[in-house]
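Here is a briefing on one protein chain. Please keep the sequence and the structure in view while reading.

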Amino acid sequence: MSEIENLLREDLRGQSPYGAPQLDVPVQLNTNENAFAIPDEVAAVVAEFIGRELRGLNRYPDRDAVALRTDLANYLGHGFTADHVWAANGSNEILQQLLQAFGGPGRTVLGFMPSYSMHPLLARGTGTTFVDAGREADYTLSPAYVSEAIARLDPDLVFLVSPNNPTGTAPDADVIDAAYEAARGIVIVDEAYAEFARDPRSTALGRLEGRRRLVVTRTLSKAFAFAGARVGYLAADPELVEKLLLVRLPYHLSSITQAAARGALACAAQLQAEVDELKHQRDRIVKNLRAKGLPVADSDANFVLVGGLRDAAAVWRAILDQGVLIRDVGLPGRLRITAGTEDETTALLDAFDTALEQRPELFDSATELQQEQQP
């Protein structure tokens, strides 16, 4: 053990940082980014908002980001005001602040893995014990399953992800209700991909009224194609929002970031058109892979989880060899695919066709289809 390793916190020794492989290939469908660049007309509006702040950069930004929070509240609707909303550098910082305020040493947060892999890392970084209750055999959650896990483990915080990453499925509203009723602490519904849901009414935002321990987290990274700007936010009871100010860093959200986000929000309607196209390509992937005999769950996100793979790592490599990068999330027999443009989706489906033809032994479905076609 090195001198520096020896000085590191004991619970961080031997750990690896979060990351996804970034390879220089023509089609990158592995990180759930929005495949479309910011349209020129939207970029012009964002630049105008930023331009208004440039000569004032000698001053600190609004530490409470009131104008941005007001715009976010207006975007969300549901009668929210700025007092119901908090913003930070990506939804990861939002989640970190929640754990700093309501977790910490001696406290636990409950998750249902497989889910967003940053949740246990954020817990570790804040000294919060992460407890995994797993999922049912088909990776879904039922009210009874969630209630039993919470009653048994008695966590201080609960993570629910809707739609879930990496499965793409969204829990029913009664799952969220069951979690809230069973929990004594904070229940966090991570809705990073909410705008891609097949049913927009599936959001937990409408369940916040009267539930003071419920939090819904969102991001501009996905639907708004704003991943590079790093803007996340939450909606919750105003008192809960107020408590987060105890752990936020001074001036944590720069003037430039706040202005850029406000410009993007001003163009929400234009950006939603690209969301619809990504949803179309996502559903195209589902339909085509199912037609090839591969099991794919219906997705409410901008990605899908494909199964039926005898050797997921080998399939990942076979697809990569054709210039398409997708994500091996470590689930046996499954890979995750981000929805891309029409051309990217075509390249992906062609790559699967080639892999199925050249390496059928890697797929459960291909072998089964061959057997069915034999006389």
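A salt bridge here is a side-chain nitrogen of Lys or Arg within 4 Å of a carboxyl oxygen of Asp or Glu. By this rule the count comes to 21 salt bridges. The model is predicted: local features need pLDDT of at least 70, side-chain atom pairs count only at pLDDT 80 or more, and totals for chains, interfaces and linings use all residues. Residues are numbered from 1 along each chain as its sequence is written, and side-chain values use heavy atoms, with hydrogens and water left out.

**Sheet**

- An open sheet is built from 7 strands, with mixed pairing and the order E2-E8-E7-E6-E5-E3-E4.
- Strand E2 (85-88) and strand E4 (129-132) are the edges; each has a single partner strand, so one side of each lacks a neighbour in the sheet.
- On average, neighbouring strands of this sheet are turned by 25 degrees against each other, direction ignored.
- Helices (H or I, at least four residues) and strands (E, at least two) are DSSP runs, numbered from the N terminus.
- Two strands pair if DSSP finds at least two bridges between them.
- Axes are lines fitted to C-alpha atoms, for helices over the stretch in contact, and angles run from 0 to 180 degrees between N-to-C directions.

**Strand E3 and its partners**

- Strand E3 (residues 108-111) pairs with strand E5 (residues 157-161) in the parallel sense, over 2 bridges.
- Val109 has Leu157 as its bridge partner in E5.
- E3 and E4 also run parallel, joined by 4 bridges.
- In E4, Phe130 stands opposite Val109.
- A right-handed β-α-β unit is made by E3, helix H5 (residues 118-125) and E4.
- Right-handed means that, with the strands pointing away from the viewer, the path from the first strand over the helix to the second runs clockwise.

**Helices on the sheet**

- Helix H4 (residues 90-102) lies across E2, E3, E5, strand E6 (186-190), E7 and E8.
- The direction of H4 is at about 115 degrees to E2.

**Cores and buried residues**

- Buried means under 20% relative accessible area, exposed over 50%, and partly exposed in between (1.4 Å probe, protein chains only).
- A nonpolar core is a set of buried Ala, Val, Leu, Ile, Met, Phe, Trp, Tyr and Cys residues joined through side-chain atoms within 4.5 Å.
- The largest nonpolar core has 53 residues; Leu68, Phe112, Val158, Leu160, Val187, Leu220 and Phe224 have the most contacts inside it.
- A second, separate core holds 31 residues, including Val304, Ala312, Val324 and Ala355.
- Beyond four places in sequence, Phe224 contacts Ile38, Tyr75, Glu195, Ala264, Leu265, Ala268, Leu271 and Gln272.
- Glu191 sits in the loop between E6 and E7 and is buried, at 1% relative accessible area.
- Not counting residues up to four places away in sequence, Glu191 touches Ser162, Ser202, Thr203, Ala204, Leu205, Val216, Thr217 and Arg218.
- Leu348, in helix H12 (residues 342-358), is buried with a relative accessible area of 0%.
- With residues up to four places away set aside, Leu348 touches Leu29, Ile285, Val324, Ile326 and Ile337.
- C-alpha to C-alpha, Leu348 and Leu76 are 34 Å apart in space, and they are 272 residues apart in sequence.

**Salt bridges**

- Side chains of opposite charge can pair when their charged atoms come close.
- Asp11 and Arg9 form a salt bridge, with the closest N and O atoms 2.9 Å apart.
- Asp11 is partly exposed at 36% relative accessibility, and Arg9 is partly exposed at 38%.
- Arg184 forms a salt bridge with Asp156; the closest N and O atoms are 3.1 Å apart.
- This pair links distant parts of the chain, 28 residues apart: Arg184 is in the loop between helix H7 (173-182) and E6, and Asp156 is in the loop between helix H6 (143-153) and E5.
- Arg184 is partly exposed at 48%, whereas Asp156 is buried at 15%.
- Arg198 and Asp298 meet through their side chains in a salt bridge (3.7 Å, N to O).
- Arg198 lies in the loop between E6 and E7, and Asp298 in the loop between helix H10 (268-291) and strand E9 (303-306), 100 residues apart.
- Salt bridges that share partners join Arg198, Arg290, Asp298 and Asp300 into one network.

Definitions and conventions. Contact means heavy atoms within 4.5 Å.
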